[in-house]
Amino acid sequence: MRRRDVLKMVGGAAAGVAVAGVTAPTADAAVTWPPTCNPHIDQWNLAWETRSEHEGWTNRWQGIVATQSHYYMTHNDADAGHALFEGIWRWNHDFTSPVEVARSAWPNKHPGAPTYDRFLKKIHVPLEGDGQIWTLTETTPGTLYTDPGTKYLGGSPNGSPQGEWQIPFLAFNPRDRLVYSCKFDEGVGVNYLYGYDPARNFVRTRTIPFPYKIRRVQGGVFSENGNLYLTSDHSKEVVAYNVHPTENKMWYWGRYNLNCPDLEVEGITLGPPRNYPATGPVRLHVGCVKVDLGTDDVYMKHINVPDPASI
């Protein structure tokens, strides 16, 4: 990720988990604002941490997403001079048994942090550069197939206002079924969150100003309540918002310090899915990378939340 970071900074300086049956609010629906789904960040705490050291898939680790069957991880190894492991790997829901499931066909376009559309069982991966979207369908649990055709964020190559090398993550919102993203950095803080419609070739449909600006955004995930959780590698935090379902405005909830000053903060996901028959609460999972000579290490921070219904 070193090369990508350099390009991101040059460009910037110059220029979830959904549940089937969720209905997106309409313009006529009553929406409570300010929102009531306070995630109570002051009550979050670190449940445990898992560490993966010196494994091939840990190189340039980018992000993670949860489905009903597995966690899927993206990473790019092209920065190390080859694309041996570049693509998507899966974990069991207990974060064991990593297995490669898809290899990127575009080794010069670095995969970013992915997102999952449970309605269509599709994983969308941003390929940084010209904004291409790598879409895969989970045909059976643990099996991914790349969808045919080529799509781009914004509807065309470089069609997104985010610009080249400024698409670090995608986040699917189950309330409106749009995919959201923002720039990696804009020097004094990222200004806008953008919404794109996968059903219309990822054309941009929303531009929402951030009520609290953050820098070096690496990952994002939506909850069923419309809460958006972003990771900042600048402040080493998870920053929480709520996105209004019909108006272009957001609510700022607060920040959670990850206490990892020496790690590079990357992607985030919610899991396991609420219909997954497992014990234990729903948690936020944040991936952090320790950049080593030869092979990077991945630290997964598993965060307890007090009330999964409000997350």
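In what order do the four strands of the open sheet come? The order is β1-β22-β21-β20, and the pairing is antiparallel.

Before going on, a word on the model. This is a predicted model, in which local features need pLDDT of at least 70, side-chain atom pairs count only at pLDDT 80 or more, and totals for chains, interfaces and linings use all residues. Residues are numbered from 1 along each chain as its sequence is written, and side-chain values use heavy atoms, with hydrogens and water left out.

Back to the sheet. Its edge strands, each pairing on one side only, are β1 (45–52) and β20 (264–271). Strands here are DSSP runs of E with at least two residues, numbered from the N terminus, and two of them pair if DSSP finds at least two bridges between them. On average, neighbouring strands of this sheet are turned by 20° against each other, direction ignored; that angle is taken between lines fitted to C-alpha atoms, on a scale from 0 to 180 degrees between N-to-C directions.

Now please look at β1 and its partner. Strand β22 covers residues 297–304 and runs antiparallel to β1, with seven bridges joining the two. As one example, Leu46 has Ile303 in β22 as its bridge partner.

Lys301 pairs with Glu49, and the closest N and O atoms are 2.7 Å apart. This pair links distant parts of the chain: Lys301 lies in strand β22 and Glu49 in strand β1, 252 residues apart.

Is Lys301 buried or exposed? Lys301 counts as buried, because its relative accessibility is 7%; the cut-off for buried is under 20% relative accessible area, with exposed over 50% and partly exposed in between, using a 1.4 Å probe and protein chains only. Glu49, at 32%, therefore counts as partly exposed.

In total the structure holds 15 salt bridges, so let me show you two others, among them one between Asp197 and Arg200. There the closest N and O atoms are 3.0 Å apart. Asp197 is buried at 13%, whereas Arg200 is partly exposed at 48%. Then there is Lys236 with Asp233, where the closest N and O atoms are 2.7 Å apart. Both Lys236 and Asp233 are buried.

One last item: salt bridges with shared partners join Glu49, Arg51, Glu53 and Lys301 into one network.

Methods: Salt bridge = Lys/Arg side-chain N within 4 Å of Asp/Glu carboxyl O.
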